[in-house]
Each structure stands twice: as structure tokens, then as C-alpha cells.
Amino acid sequence: MKRILGDIVVYTLILYFIANATPAMKITGGLESYFFAAVVLAVANTVVKPLLSIISVPFIMMTLGLFTFVLNGLILFGLTKVYPAVSVHGFNLNSIDIPVALPSLYIPTILSYVVLSVIIELIRRVVSMLYSE
């Protein structure tokens with residue numbers, strides 16, 4: 001329980017930082033939006049991510065662990081679907097409506113999910129290392 005509460009605080013700060021520092025992530029609403037998004041992200045990383053990791057062990061082994069970045073991106077994508085106040089946009093496609101017939105244009109959005117999830121995970125690990133010492 002203590003770990004989940006710590007994760008919620010850390011994710012709240014990380015989401016606030018990333019939403020204000022990059023144009024790729026937007027969170028509408030006030031502090032409660034950041035807090036609720038952090039709760040959803042902490043629960044997803046505690047419950048859903050281990051299940052996805054177990055299911056995708058062959059892919060993780062074939063890619064030497066790089067597939068975990070894709071899993072982090074999927075968790076972030078799930079956050080945007082569960083809580084619509086959070087939105088992630090491609091770095092080059094901020095306000096362009098992408099037609100479904102052109103899937104190659106989704107690549108910047110997918111990459112932004114992965115990059116943002118890597119940044120979130122790195123900051124969380126650094127803070128948790130500092131917090132545990």
C-alpha cells in the first residue's frame with residue numbers, strides 16, 4: 001500500500017512535469033486530473049503491466065528487453081482511453097486529424113507514447129532510488 005501511494009505521488013509529479021514540458025502530452029483540468037491520471041497509471045503498472053509482461057515474454061526475450069518500452073507505451077495508451085482528460089499527440093502531428101487509411105502517419109504518435117513512457121519510467125526509478133536511500 002505504501003508503494004502504491006508513493007507511486008501515485010511520483011506519477012502525479014511526473015505527469016505534471018511532462019504535460020507542462022512537452023507538447024506531446026496534454027492533461028485538461030486541474031490538479032485532480034493529474035492525481036486521477038496518476039492513480040490510473042499506478043494501478044495499471046501494478047496490475048496490468050505484470051500480466052502483459054508474462055504474456056509477452058517471448059517478444060521481450062526476442063528483442064532483448066526492448067519490447068518493455070512497447071508495453072509502457074500500451075499502458076500510457078490505455079490511460080488515454082480510460083481517462084479522456086489525458087491525451088498524447090505525435091510530436092509532428094499536434095492538431096492534424098489523421099485518416100484511418102494512412103497508418104504510416106500513426107508512427108509519430110506511437111513513438112511519442114513510447115518516448116513519454118520511457119521518460120516516466122526513468123524519472124520514477126530515479127525518484128524511487130532516492131526515496132529508498
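Modeller: Here are some questions and answers about this predicted model.

Biologist: Let's start with the overall layout. In which pattern do the helices and strands follow one another along the sequence?

Modeller: The protein has 5 helices and 2 strands.

Biologist: Thanks! What percentage of the 133 residues in the protein is buried?

Modeller: A residue counts as buried when its relative accessible area is under 20%. Among the 133 residues of the protein, the buried share is 35%.

Biologist: Which residues have the most contacts inside the largest nonpolar core?

Modeller: In soluble globular proteins, nonpolar side chains tend to be buried together. Here the largest nonpolar core has 27 residues. Elements that each supply at least two residues of this core are α1 (2–21), β1 (25–27), α2, α4 (67–82), β2 (86–88) and α5 (107–132). The residues with the most contacts inside the core are L15, M25, L76, L79 and I120.

Biologist: Let me pick one of those. Not counting residues up to four places away in sequence, which residues does L79 touch?

Modeller: L79 is among the residues with the most contacts inside the largest nonpolar core. Leaving out residues up to four places away in sequence, L79 touches A37, V40, L41 and V86.

Biologist: Now for charges. Which side chain of opposite charge is nearest to K49?

Modeller: K49 sits in helix α2, which spans residues 31–55. K49 is buried, yet has no salt bridge. At a distance of 4.0 Å, the nearest side chain of opposite charge is E121.

Biologist: With which residue does the side chain of K49 make a polar contact of 2.6 Å?

Modeller: Setting aside residues up to four places away in sequence, K49 touches A44, N72, I75 and E121. The polar contact of 2.6 Å joins the side chain of K49 to that of N72.

Biologist: How far apart along helix α5 are E121 and R125, in helical turns?

Modeller: R124 and E121 both lie in helix α5, 3 residues apart. E121 and R125 are 4 residues apart in helix α5, so their separation is about one helical turn.

Biologist: Is R125 buried or partly exposed?

Modeller: E121 is buried, with a relative accessible area of 10%, and R124 at 13% relative accessibility counts as buried. R125 has 48% relative accessibility, so R125 counts as partly exposed.

Biologist: Let's turn to the rings. What kind of aromatic pair do Y16 and Y34 form?

Modeller: The structure holds 3 aromatic pairs. For Y16 and Y34, the centres are 5.3 Å apart and the planes are at 70 degrees. An angle over 60 degrees counts as edge-to-face, and the pair of Y16 and Y34 is edge-to-face.

Biologist: Which helices hold Y16 and Y34?

Modeller: The pair ties together parts that are 18 residues apart in sequence. Y16 counts as partly exposed at 46% relative accessibility, whereas Y34 counts as buried at 8%. Y16 lies in helix α1 and Y34 in helix α2.

Biologist: One last stop, at S117. Which residue has its backbone nitrogen 3.5 Å from a polar atom of the side chain of S117?

Modeller: S117 is found in helix α5 and is buried, with a relative accessible area of 6%. Not counting residues up to four places away in sequence, S117 touches F69, N72, G73 and L76. The backbone nitrogen at 3.5 Å from a polar atom of the S117 side chain belongs to G73.

Terms used:
Residues numbered from 1 in each chain as written. Predicted model: local features only at pLDDT ≥ 70, side-chain atom pairs only at ≥ 80, totals over all residues. Heavy atoms only, no water. Buried < 20%, exposed > 50% of the residue type's maximum accessible area, 1.4 Å probe, protein only. Lys, Arg positive; Asp, Glu negative; His and termini not counted. Polar contact = N/O pair within 3.5 Å; in protein donor to acceptor, adjacent residues only side chain to side chain. Contact = heavy atoms within 4.5 Å. Core = buried A, V, L, I, M, F, W, Y, C linked by side-chain atoms within 4.5 Å. Phe/Tyr/Trp six-rings, centres within 6.5 Å; stacked < 30°, edge-to-face > 60°.
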